[in-house]
Amino acid sequence: MDLLGSILNAMDKPPTANEEQKKLIKRQKEMAERIKNKQKEELLRFRKFVEERVGRFAKDDRPHIEFQPLDKVHRSIIHEVAEYGGFICMSFGCEDVDRYSVVYKKENAPTEDEIAARRNGDGWNEEVAKEYAERRQKQKELEEQKRLARASQQQNASPSSTSAGETTKNSPNGKSNAASAKETEIKPTFNYKDKYAHLIGQEAALEAARKTETNASYGFVPSKNKKDVRSIEQTLADIQAKKRLKLQQQQQQEQQQKEPAPPQPPGSGEHVAANQSPATPLAGPPATSTSSSPSSVPNPH
């Protein structure tokens, strides 16, 4: 027996479930299945209820309909049915507290005041609509007053505007200070459009279109010569021809390297040796003492 088998045999077996535990597990599975089927049936009934209510809403003259606060799953069903029927559906309120859905007809879409009121939790009726309309009117008046105040401050701060106002008062035309303030415009010292005048032109889009046309030539080469007008087949044929030419050149170079060098004419070696400098001696084996002097050779006799 191997080591692994001995270890597995020494371990305790998993506990076996008795009949009561098996029955309990079976009852739990059945209960979970019944709950799941019950939830499916409840969602199907709710979907049918939403479809019927939206169908009645499409036939009457009501601008919108509201649903009671629901969870996310039920609200998703309302949104799906409304979008399928061609309506606008929006949800308002806090999640898991009082979030509800409202379905609108496209011709009676909600206004900004209604959306703001419902998001603030104020609901929507005639009184709330009147209150939000008054708020919006007051906000516009306040913004207009702020704008006039800023304009008056700028007018008082600039001496040029005051001098222009005095001249307009004395002028026979009788223009007011407001008209003079509108006429005096602050012009910058540099116009950024001059930097891109060669692209966008000076006046209008037609001028810009004329400016952005391609030039006839770039440098010394015309632009027509830089355009490849060949077809795909012709381009592929040219590429293959270039490859064949390059391969032929490589083969010729290899053949030239393999061929033996031609024999040199007599006297060329002496001419080369004479032209060499004495500082660079010819490479060769060092001279031995036996070849240097014949007197050092021993006499065999």
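In this predicted model, three strands form an open sheet. The strand order is S1-S3-S2, and the pairing is antiparallel. Strand S1 (64–66) and strand S2 (88–92) are the edge strands. Each of these two pairs on one side only. From one strand to the next, the twist averages 20°.

The pairing of S2 with strand S3 is described by its bridges. Strand S3 spans residues 100–104. Five bridges join S3 to S2, and the two strands run antiparallel. Across from Tyr 100 in S3 stands Phe 92.

A helix covers part of this arrangement. Helix H3, residues 72–85, lies across S2 and S3. Helix H3 runs at about 160° to S2.

Arg 75 belongs to helix H3. The relative accessible area of Arg 75 is 6%. Arg 75 therefore counts as buried, because the cut-off for that class is under 20% relative accessible area.

The surroundings of Arg 75 were then examined. With residues up to four places away in sequence not counted, Arg 75 touches Leu 70, Ser 91, Glu 95, Arg 99 and Ser 101.

How values were computed: Residues are numbered from 1 along each chain as its sequence is written. This is a predicted model: local features need pLDDT of at least 70, side-chain atom pairs count only at pLDDT 80 or more; totals for chains, interfaces and linings use all residues. Side-chain values use heavy atoms; hydrogens and water are left out. Two strands pair if DSSP finds at least two bridges between them. Helices (H or I, at least four residues) and strands (E, at least two) are DSSP runs, numbered from the N terminus. Axes are lines fitted to C-alpha atoms, for helices over the stretch in contact, and angles run from 0 to 180 degrees between N-to-C directions. Contact means heavy atoms within 4.5 Å. Buried means under 20% relative accessible area, exposed over 50%, partly exposed in between (1.4 Å probe, protein chains only).
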